[in-house]
Structure formats: C-alpha cells, structure tokens
Amino acid sequence: MEQIGFLPPKPAVLSRRREIVGDLKDLLPEGCLVHEPRSLVPFETDAFVSYRRAPLAVALPETTAQVAAVLKYCHRYGIPVVPRGAGTSLSGGAIPQEDAVVLGLSKMTRILEVDYANRTATVQAGVTNLSISDAVSADGYFYAPDPSSQLACTIGGNIAMNSGGAHCLKYGVTTNNLLGVKMVLVDGTVIELGGKALDAPGLDLLGLVCGSEGQLGVVTEATVRLIAKPEGARPVLFGFDSSEEAGACVADIIGAGIIPVAIEFMDKPAIEICEAFAQAGYPMDVEALLIVEVEGSEAEMDGMLQSIVEIAGRHGVKVVKESQSATQAALIWRGRKSAFGATGRIADYICMDGTVPLSQLSNVLRGTAEIVARHGLRVANVFHAGDGNMHPLILFNANDPEDAARAEAAGNDILKLCVDAGGCLTGEHGVGIEKRELMRHQYTDADLAQQMAVRAAFDPQWILNPSKVFPLEGRPAV
Amino acid sequence: MQTNFTPEQLADPHVATSEKILRKCVHCGFCTATCPTYVTLGNELDSPRGRIYLIKDMLENGRPADEEVVTHIDRCLSCLACVTTCPSGVDYMHLVDHARMHIENTYRRPFKDRVTRNLLAAVLPYPRRFRLALRAAALGRPFAGLFRRVKGLAPFAAMLDLAPRQVPKSSGSRPGTHPSVGTRRGRVAILSGCAQPVLKPQINEATIRLLTRLGIEVVAPAAEVCCGALVHHMGREEQALESARRNVDVWLREIDNGGLDAIIVTASGCGTTIKDYGFMLRLDPIYAEKAARVSALAKDVTEYLATLDLPEQEPKRLTVAYHSACSMQHGQKITTLPKTLLKNAGFTVRDPAEGHLCCGSAGTYNILQPEISATLKARKVKNLEATTPDVIATGNIGCITQIATGTTVPILHTVELLDWAYGGEKPAMLVS
C-alpha cells in the first residue's frame, strides 16, 4: 500500500547519521541503542503492517533521565522522534520514518507503587496494560480499560491513543482512568501532570495529553485508578438472525437506560474466526452474536439479565447462552480479544475504528456491507457495540497490490460513512497515519488550525511523531 | 503479512514452508508479551515478532546469516510460548528451525563458539561420553569461577555449575523387555534417552515400575539413539535427521515384532521432537510416512497414564508445585493432564505465577546463554518457592537440572511421585 504519504526525510538529518548514532550511544547504556541497518528493519512498522519505514536508529532508554537526554539532543538538532510502546497500533501510530529516532519504552516495565488507600497504581510507561491488573488481582482490584491487545500493549501507548476496550462501556476509556503522568517535553524538560486525586487545579493538561499520539511529549510514568472487582461477572451470548437486528437490540438496551459492563458484537465471519482459535462454544448457526457481560451480586446480575433477555426477545433473539463456568467465561473473552490476530488465519486485514451513535448502528452495518461488496472484498465485524465503536475488518490479500488498494479505498468509504452518520473516525485506535487525511472530513479548517496551534505550543518544530494525525497539506510552516 | 519471494526462491521447499508461515503473521505483537527474552531484555529484536521479521528479511533477500541475526536467533529459547499466545496460528517453531538451519549452513561462528558447540554436539547425545564428561567436570569444578571471568569461557563455567556432584551408576531403562505384572493390558516402548539416564536414571526406573505394575509390558529397544533434539536446536539438521531415521527404524521393528500401543517419552523436550519426526522427515521419500506413524505413536508418559484410568488415592499431606516445562505446555500442549494425575494421586497441587515463562534450561541454552538463563532461573525459582511447596514436580530433565541448581526444595519428575502414589517406594529425595 502506498497511498498514504510520509513527510520527506530531512537531508540534513540523514547526512549526519553516523554522528547522530555516535552521540546517542554516549547518552545511553550499552545494549540500549539499535543502529545496524538490518537490525532496524523489524522496527519499520507496528500492527498497521501495510505501511513500513525503517528509522535512523532506535533508542531504548531505561530511565526518565535517559528519555530526557535523547529528546533534548534530538530537539537541539531537529531530529524527528517517534515514540513506541509495544508497537501494537492498528493505525500506524508507531511507524517511524527514515530520518527519525524511535524512542522505545519497552525497557521501562516496572510497577513503581500500588496504593490501595488511594486506589492507584503508579507504573512506568512500558508496563503492559494487563500486567497492572495482574499485579493487583489477588487483592481484589483491576485496571478497567481493556484494549483487546491488553496482553501486549503498554500503558504509555494506551495514553497516547486514549485506548478503550470491551469493558469501557461501564468504566470509561483511558482518559477516565488516568490520574497523573510524568512526561518529558520535547526539549528534555520533565513535568508532572495530575496526581492521585480525580482532578488537579489549573488547566486540564492531563486531558490534553491523553490521546495526543506522542505529539506533545513522551510519557514515562503514569498513575492510574484501580477499581475493586465486582462480586461476580457473567458473559452471556445472544444469537440473532441478522446483524441489523443485533444492532437494533443494542440500541434498545442502552436506550432503556441499562448499562451492562460490556456489549460486544460479532457477525458470522467473526464468530467463525474466533471459534477456530478459542473454541469458546459460540453459537455457529446465527448471523450475529452479542456478548453481554453483567456484573454484581447474583440478584443484580439476574435482574439486569432479565431485562436484557426481554429486550432481545423483541428483536427475535434465537439463542441465549450463559457461560457455564469461569473457564468458559475466560474462553469467551479470549476468543473475542484475539479476534483481530485470529483473522490472520484466513486473510490479511485492515481494521477500521469508526464510532457512531447507537441509533445509527444498524444503518452503518448495512452500509458497511454494501461498501465492502462494491469493492469486491469480504468483511468481518467484531466490535464494542455498546459504545457504538465499530471495527469492520476488511479482508484482503497483502501480496496483491490491487486488492490492497481496494481494501484501503473501502476503509476510507466506511469511515466517511461513520462521520456522515454523526459519528467519528476513531473510537480508540487513534488517527495515526491511517486516518490522517480523513481528518478534513471530520473537522473544519478552523477546528484543525486550532488543534495544530495547541500541538505547536508543545513542539514548535513539529519533530514529535510528525507524520501523524494532521493532514500533510495545510500545516503551518516550521 | 506481505511477503516478497521469487518463484525460484519458493522452489526450495524449506523457503516455501517458511513463506506460508510468514503469511499468517499479522504483526499484532501479542507474542512479545509472553516471550521470556523480550520480557527480560525489552528489545523487539529479542521478541518472536522481531525474530520473525529478521528471518523474513534474511530469507527474502537470500542472504547468508550475519552476526546480528545470529545473536538474536541464538537468544531464542525455542520455548514456544509465542506459539501458545499467537492468535493467527503462526508456526514459529518450524520457522525458527529453518532459520537455525540457514545459520548453520551460511554462517561461520567465531572459534570459541564452534568449539563449545562441537563439544556439546559430540558429547551430550551419547550417554557413555556424557558420563565420562561429568566425571571430568567433578575435577574441573574448582575452575568454574575462573572460567566465568574470562570472556568466551562462560559456557564452560555454566557446564560445571550444572554438572551433578555425584554421577549415578545405574542407567535407567535397561535394554530389553520388562514384562507386565499380572495380565498384560498393553505394550509400549520407552525412550531410553541420552542425558536423562545419566543424570536421573530414577525417572525411567520409576516409569517402568509403574507401567509394569499397571499391566503394561515395557520394551526398551537396544539400538535406539538420542532423539536428535539437542543437535536439531543447534541447526545441525543432517545429524538430527540421522538420529530420527535410526529411531524410526528401531521402533518400526518393535511394531512389527509384537506391536506398540505407544512410544513413551519421559522428557518432554524429546517428546516435542519425536512428535515432529513426521514433519522433519517430510521431504524424505523413504521415511516420510514411517516417521509420521512414529510421531503419531509418541506419547508423554502422563498422556499415556491418563488412558489407564488410575484410581483416586487417599490425600497425602504433600504440596506439589507443578512446573510445566515449555516443551510440555507449549510444544505438546499438555497443560492440565499431569496436574490432574497428581491431584487424583492424592497430592495438593499448586500453580506458580508466570507459569508460561521458561526456566531458562531449554536444551543447551543454559550453557550457551548463561546470563539470560540465570535471570530466568531466578525468576522461576522465586515464583515456585512463593507457593511454599514440599516438592516441585515437572516432566523434563532439563528443567529438573536447571531448577535444582537454584533452590533447596526437592524437585522430582511427575512420574516419580505417581509411582510412589501407586505402590512404589517413596522417592529417595523425599526420605529425610
């Protein structure tokens, strides 16, 4: 795929490659700099694997001070910097460019403090999302936002993309669970935003940083909220004869004021893919499936389920299947959370991330099917229905350039459809490079100019993750 | 993900297989999270995804292996945790096997590495040579500290550290037929093994006692050799295939002369390899089918025991921390079976945290990569000891040797505990 461009590399940076590598070596401990050309190739992409650009070097600092030293150096010489967590971005947020230094946080993986009195955990940015919950699980707590890649993705990356997940319907996304950060500004200054309380005086810069895609600074530590685990939790499977009916059912559940912990949607192709990997016992004779998770005491769960079953009945639900054991519940979620990767068993894919008002869910599902069919491709839908956060996986053959181009065109049409339906381009994966040029479809020029002005206030030279988020045309001169 | 091979390149069956494997990877990165070396070193190049990319780049460009690629492939434990984690079903095992073969064929290692590897390949798979080497190690032990300080000699220090203080005299399974006690219910072959009978003959002794007591005739064929896993993981494909062919012949002879219900393996590292004979010999027109038959018969001892309906036993007041060897849980996907057998036999079984992470043994890894291995061992021992066990049980000799050097908790093979629970002697290690 070559439709999406990158900024042209700066000749002044490329020509100084040897000195830059030498200087960075002096700033970092042994084993913390990758610079041999062949060793840089594995860093050329993330989970948006269609696009690839090998970087100039990869710095893997072990401390905030080293992060600051690298940033200060790159700032001084105008060298682009691309922050990277686990490289699991589906929008290309961590894809480098030829003149960039990748700043990888993968060596900063310590949990610094767990404070049950304040219900917070303070962790280094390279800690994986799931390992926060793992660390506090035995004491009855968890960290709520759960991107499907939570096994691997880092909290730093979650903050950059304001990541969501299946259980965010009830608990909110990253920004609703983030209390404070330690962050290094582009010139190497270390600042702290927020703290252990729910709000801090002054401008809500923490809110600004969360979701800024590595363009305002590099977060090295985060303080997050811990939540007490519910008394019980039960995923229940609801099978329907059509995607539209399942979509309409979701709208009615939420419309009735019922907020389960999660409502996840899978259509038939997605069910088949996930069942092949997880053998979770998903019903195979339905066109669409909702995984609804309720939690609380037995009485609370029963009460909520009764209302949901009633609503589902009005939409002709075909199968209602409660998980029979903790093991099966775990398999149901394992299958769901592995859906994207498991798609690799049958085809290459690109994953869309548009979000729509729930009243539009059925229409957009139908429209998505039409768009994909028009481009002669197949689609699997698996997404956070309760949030209206859709993830059509467009299936294609990466070894066929024409097929790849069709997939990309179909993706753009789907995202425009989401925006036109009153929704937005991205629910949780971020803009990255993938949706950058579509930002004009979402925002007016005035909106974009204001966002770029804020960005430039933090990074006047535009060296932090520069090819991302904002359309390449129409940027202010630097 | 996209691949870039010419039809000429794909004419090589090894490249063709690897290309299919690479096409399945979607670069999602899930594998990084459960990879022991990524978790330890925090570098993409030391993760499965990074290695897959390095291999892809090397093969696509038809390049000989270079120092960088070799460094990162050598650091791979082949624990296959990534294979368990991978949602797309990427067959990393056969991809890294191909890469190791490519390295062996195209890269000349520095002199000291060549000496170490040649020595390991010439000694470990041969019980008599190995026993002699262990006796020599007893004399060399005082020099271990010195070796550790000299760059390049660390593997020798690791070898001396791992060598047992005393070398057992017996050799485990005597060649020949061990008749069943009472009515014969079945007939199996047992893999005698190479390093295991020298280090812990008790394991196969216990297996034979237990199986014959349960009415199973156990034959230990005389002409059998090392399964080939040790050299296979060094990329020495021809040597590995030679071992495989020889064993296939030996076992087929047993099938013809009396039939076999299973080939019992008591070291899960060997089990993973024997179950892969069918793949390893797929390009050999004479052996492909025979090897597939043998692979289908290979069973870990716990897999076979589970078919024998062992009765539930009275609870014993003994807490067992079960360490699942990587070759058991990731290589052979045997996860709950051994624990169920132990529970039924009356033991209290506990799972350590981070059970998916390798202990750092990994064949010759603890000798060739002593630093990473030591870090992983410390992490494993800490997690095992946190369960406050009376004894640690596992199903692989490599793990037993590795973990035993890091803890004072006794460590036994699962089958030694089962033998005791079903009428055998209490294992000597538990008699105080």
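Residues are numbered from 1 along each chain as its sequence is written, while chains are lettered from A and ligands numbered from 1 in the order in which they are written. Since the model is predicted, local features need pLDDT of at least 70 and side-chain atom pairs count only at pLDDT 80 or more, though totals for chains, interfaces and linings use all residues.

## The two chains

Let's start with the overall build. Chain A has 17 helices and 18 strands, and chain B has 26 helices and nine strands. Helices here are DSSP runs of H or I with at least four residues, strands are runs of E with at least two, and both are numbered from the N terminus.

How does the radius of gyration of chain A sit with that of a compact globule? For 478 residues a compact globule would come out near 23 Å, and chain A, at 22 Å, agrees with that. Chain B has a radius of gyration of 21 Å, close to the 22 Å that the globule rule gives for 432 residues, so chain B is as compact as a globular protein of that length. The radius is taken over C-alpha atoms, and the globule rule is 2.2 Å times the number of residues to the power 0.38.

| Chain | C-alpha span along principal axes |
|---|---|
| Chain A | about 65 × 55 × 40 Å |
| Chain B | about 60 × 50 × 40 Å |

Of the 478 residues of chain A, 54% count as buried; for the 432 residues of chain B the figure is 53%. A residue is buried if 20 or more other C-beta atoms lie within 10 Å of its own, exposed if 12 or fewer do, and partly exposed in between, with C-beta atoms placed from the backbone.

Now for contacts, where two residues count if their C-beta atoms, placed from the backbone, lie within 7 Å. Take the contacts in chain A between residues at least 6 apart in sequence: 73% of them join residues at least 24 apart. With the same cut-offs, chain B comes to 74%.

## Domains

The domain bounds come from an automatic or database domain assignment. Chain A splits into domain 1 (11-104), domain 2 (111-228), domain 3 (233-340) and domain 4 (347-420). The C-alpha centres of domain 2 and domain 4 of chain A are 30 Å apart, and four residues of domain 2 of chain A are in contact with four residues of domain 4 of chain A. On the domain 2 side, three of those residues are nonpolar, one is polar and none is charged. For these classes, Ala, Val, Leu, Ile, Met, Phe, Trp, Tyr, Cys and Pro are nonpolar, Asp, Glu, Lys and Arg are charged, and the others, Gly among them, are polar.

An unreviewed UniProt entry places the feature "domain: FAD-binding PCMH-type" at residues 51-229 of chain A. UniProt positions follow the numbering used here, feature names are shortened, and annotations may be inferred rather than shown by experiment. That span is 22% helix and 25% strand, and its end C-alpha atoms lie 40 Å apart.

Chain B is also divided, into domain 1 (7-106), domain 2 (111-162), domain 3 (177-306) and domain 4 (319-430). The C-alpha centres of domain 1 and domain 2 of chain B are 29 Å apart.

## Where the chains meet

25 residues of chain B are in contact with 32 residues of chain A. On the chain B side, α3 (30-34) and α5 (48-60) each supply at least two residues, and the largest share, four residues, comes from α5(B). This side of chain B is made up of ten nonpolar, ten polar and five charged residues.

## Inside the core

In soluble globular proteins, nonpolar side chains tend to be buried together. Here the largest nonpolar core has 282 residues, and those touching the most other members are Ala59(A), Val101(A), Cys274(A), Leu290(A), Val188(B) and Ile263(B). Such a core is a set of buried Ala, Val, Leu, Ile, Met, Phe, Trp, Tyr and Cys residues joined through C-beta atoms within 7 Å. Beyond its neighbours within four places in sequence, Val101(A) has contacts that include Pro55(A), Ala59(A), Cys74(A) and Val81(A).

## A few single residues

Glu213(A) lies in the loop between α8 (205-209) and β10 (218-225) of chain A. Glu213(A) is not a glycine, yet its phi is positive, about 55°. Is Glu213(A) buried or exposed? Glu213(A) counts as buried, because it has 24 C-beta neighbours inside 10 Å.
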